[in-house]
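Here is a short report on one protein chain. Look over the sequence and the fold, then read on.

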Amino acid sequence: MSVESKAKVVTTHVLYEMKQRGEKISMLTAYDYSMARIVDAAGIDVILVGDSASNVMAGNETTLPITLDQMIYHGASVVKGVKRALVVVDMPFGSYQGNSKEALCSAIRIMKETAADAVKLEGGIEVVESIKRILSAGIPVMGHLGLTPQSIHKFGTYSVRAKEQAEAQKLIEDAHLLEEAGCFGIVLEKIPAALAEQVARELSIPIIGIGAGNGVDGQVLVIHDMLGINKEFSPRFLRRYLNLFDEMTEAVGRYAADVKSGDFPNEKEQY
């Protein structure tokens with residue numbers, strides 16, 4: 001029996017229960033139907049339709065250029081391939097900051113046009129009004145603290161966040177604020193492991209880490225990174241489970257050579 005056929009559908013409540021019994025939560029990104037089918041069938045708990053699509057799918061240097069329409073396209077494609085996992089769609093830069101009414105409209109569009117399960121947005125006290133407004137419409141929200149890529153031009157670097165006491169204290173306060181507002185979970189990106197473990201211990205909602213150590217409730221990676229499709233990105237927190245860049249390049253090269261030589265198609269591969 002396959003993983004997907006015997007496992008129950010993941011909901012925000014299931015994730016909460018997983019944390020309570022100490023079961024780790026697995027989370028990966030996906031941006032299209034075919035990849036989402038594979039990730040879901042493998043038993044991943046949460047699929048994030050990340051604004052990292054701006055980087056790995058569109059070739060942009062940052063996550064900022066991707067639009068709401070593009071995120072909806074990716075989200076709708078992913079949902080069609082998923083039977084079990086909880087699907088979370090990133091709200092892109094400019095779709096929620098500074099205007100809670102626009103944030104609500106953006107979140108409603110994502111939910112109606114993708115059929116996803118939840119949205120995710122970056123920031124703490126700065127965006128809590130938008131979070132509360134989205135939640136008031138019954139839309140589940142996941143938070144994101146620590147390194148927030150949509151604010152890259154503010155920070156000017158992708159280095160580890162919250163190493164200093166003041167920033168660490170703000171992150172703890174923001175995490176509590178997000179839980180009190182009603183977020184069902186929080187992603188902590190690239191912060192000291194001890195700080196992430198403290199947040200996970202203090203909060204009752206699931207804390208998912210990326211470059212935040214093993215003391216949290218689950219982990220998330222970008223699928224292009226962990227499969228080795230993207231070779232340029234090699235942070236300390238990344239474990240590559242395959243080297244698909246080289247394997248795919250070799251396979252495509254063999255196909256090209258077989259076409260050139262006339263070996264493909266052979267007699268068995270034609271009508």
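Buried means under 20% relative accessible area, exposed means over 50%, and partly exposed lies in between (1.4 Å probe, protein chains only). Helices (H or I, at least four residues) and strands (E, at least two) are DSSP runs, numbered from the N terminus. This is a predicted model, where local features need pLDDT of at least 70, side-chain atom pairs count only at pLDDT 80 or more, and totals for chains, interfaces and linings use all residues. Residues are numbered from 1 along each chain as its sequence is written, and side-chain values use heavy atoms, with hydrogens and water left out.

## Parallel strands

Start with strand β7, residues 207-210. Ile207 and Gly209 point one way, Ile208 and Ile210 point the other way, and all are buried. In a regular strand the side chains alternate between the two faces of the sheet.

Strand β6 (residues 185-189) shows a like pattern of directions: Gly185, Val187 and Glu189 point one way. Ile186 and Leu188 point the other way, and all are buried. Five of the five residues of β6 are buried, so β6 is largely enclosed by the rest of the structure.

Which strands pair with each other? Two strands pair if DSSP finds at least two bridges between them.

| Strand pair | Direction | Bridges | One partner pair |
|---|---|---|---|
| β5 and β6 | parallel | five bridges | Met142 and Gly185 |
| β6 and β7 | parallel | four bridges | Val187 and Ile208 |
| β7 and β8 (residues 218-221) | parallel | two bridges | Gly209 and Gln219 |

## The nonpolar core

A nonpolar core is a set of buried Ala, Val, Leu, Ile, Met, Phe, Trp, Tyr and Cys residues joined through side-chain atoms within 4.5 Å. The largest one has 80 residues. Ile134, Ile186 and Leu188 have the most contacts inside it. Helix α9 (residues 165-181) gives the most to this core, with six residues.

What does Leu188 touch? Contact means heavy atoms within 4.5 Å. Leaving aside neighbours within four places in sequence, the contacts of Leu188 include Leu145, Leu171, Ala196 and Val199. Ile207, Ile208, Gly209 and Ile210 are also among them, as is Ala212.

An α-helix has 3.6 residues a turn, so residues three or four places apart point the same way. In helix α7 (residues 128-136), Val128, Ser130, Ile131 and Ile134 are buried. They cover an arc of only 155 degrees around the axis, which puts them on the same side of α7. The arc is that of the directions from the helix axis to the C-beta atoms. Glu129 and Ser136 are exposed on the other side. Cover for the buried residues includes α6 (100-114), β4 (118-120), β5 (141-146) and α9. Just after α7, Gly138 takes a positive phi of about 85 degrees.

Helix α2 covers residues 12-20, and Val14, Leu15, Met18 and Lys19 are buried in it. Seen down the axis, the buried residues of α2 fall within an arc of 145 degrees, so they line one face of the helix. They pack against β1 (25-29), β2 (46-49), β3 (86-90), α10 and β7. Gly22 follows α2, with a positive phi near 80 degrees.

## Aromatic pairs

How many aromatic pairs does a search of the whole structure find? The search finds two. Rings of Phe, Tyr and Trp (its six-membered ring) pair if their centres lie within 6.5 Å; planes under 30 degrees apart count as stacked, over 60 as edge-to-face and the rest as tilted.

Phe233 and Phe237 form an edge-to-face pair, 6.3 Å centre to centre with 65 degrees between the planes. The rings of Tyr255 and Phe264 have centres 5.8 Å apart and planes at 65 degrees, so this pair is edge-to-face. Phe233 is partly exposed at 37% relative accessible area, and Phe237 is partly exposed at 25%. Tyr255 is partly exposed at 49%, and Phe264 is partly exposed at 37%.

## An exposed loop residue

Ser234 lies in the loop between α11 (223-226) and α12 (244-261). At 53% relative accessibility, Ser234 is exposed. Ser234 and Val259 are 25 residues apart in sequence and 35 Å apart in space, C-alpha to C-alpha.
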